[in-house]
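This report walks through one protein chain, from its overall make-up down to single residues. Please look at the sequence and the model before reading on.

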Amino acid sequence: MQLGFVSAILPELSFEEVMILASEIGYDCVEVMCWPKGKVERRYAGVTHIDVADIDMKSVQSIIGNTGVAISALGYYPNPLSRDENEASSAVDHINQMISTAQSLGLDVNTFIGRDWTKSVEDNWPRFLETWSPNYKVC
């Protein structure tokens, strides 16, 4: 078992600073937040320690190697089934970009599948199936 934490708890630190701190205090891994650059809408949201839209893979790999701390997964927790079509579309686009980056780094992605809160779980299924095609491993 590995002990880790979510980088969102350290929004003021850079990715490198998060990984150095994790190493210094004895953590094995960090779930690294990858929100799109922009304003913070709620606590722990909007934290970007790796910008998947503009990533320097060599730098990320170098920081991992230098600190000995692994990335457990890339994290982003929007609502891709939001009633707001622009919000939902933007979330799905960013998740797809994050998945591509994660694959390049040999990592997993942590996110929410989403939900339209005005509908029952059953009524959310058609939109869920439309958004999350069989190409995704949903677990």
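The chain exposes about 8,500 Å², of which carbon and sulfur atoms supply 50%, with areas taken from the Shrake-Rupley method with a 1.4 Å probe and, for residues, only the protein chains shown counted as cover.

This is a predicted model, in which local features need pLDDT of at least 70 and side-chain atom pairs count only at pLDDT 80 or more, whereas totals for chains, interfaces and linings use all residues. Residues are numbered from 1 along each chain as its sequence is written, and side-chain values use heavy atoms, with hydrogens and water left out.

## Overall build

The protein chain has four helices and four strands, and from the N terminus on they follow the order β-α-β-α-β-α-β-α. Helices (H or I, at least four residues) and strands (E, at least two) are DSSP runs, numbered from the N terminus. The radius of gyration of the chain is 16 Å, close to the 14 Å that the globule rule gives for 139 residues, so the chain is as compact as a globular protein of that length; this radius is taken over C-alpha atoms, and the rule is 2.2 Å times the number of residues to the power 0.38.

Of the 139 residues, 38% are buried, where buried means under 20% relative accessible area, exposed over 50%, and partly exposed in between (1.4 Å probe, protein chains only). Among contacts (heavy atoms within 4.5 Å) between residues at least 6 apart in sequence, 68% join residues at least 24 apart.

In helix 1, the buried residues are F15, V18, M19 and A22. Seen down the axis of helix 1, they fall within an arc of 95°, so they line one face of the helix; the arc is that of the directions from the helix axis to the C-beta atoms. An α-helix has 3.6 residues a turn, so residues three or four places apart point the same way. The buried residues of helix 1 pack against strand 1 (4–6), strand 2 (29–33), helix 2 and strand 3.

Helix 2 spans residues 57–67, and V60, I63 and T67 are buried in it. These residues cover an arc of only 65° around the axis, which puts them on the same side of helix 2. Their cover includes helix 1 (15–24), strand 3 (70–75) and helix 3 (85–105), while the face turned away from the buried side carries the exposed residues K58, G65 and N66.

## Two valines compared

V52 lies in the loop between strand 2 and helix 2, and with a relative accessible area of 6% this residue is buried. Not counting residues up to four places away in sequence, V52 touches C34, L74, H94, Q97, M98 and T101.

V109 is found in strand 4 (residues 109–110) and, at 25% relative accessibility, counts as partly exposed. With the neighbours up to four places away in sequence again left out, V109 touches A73, L74, M98, I99 and A102.
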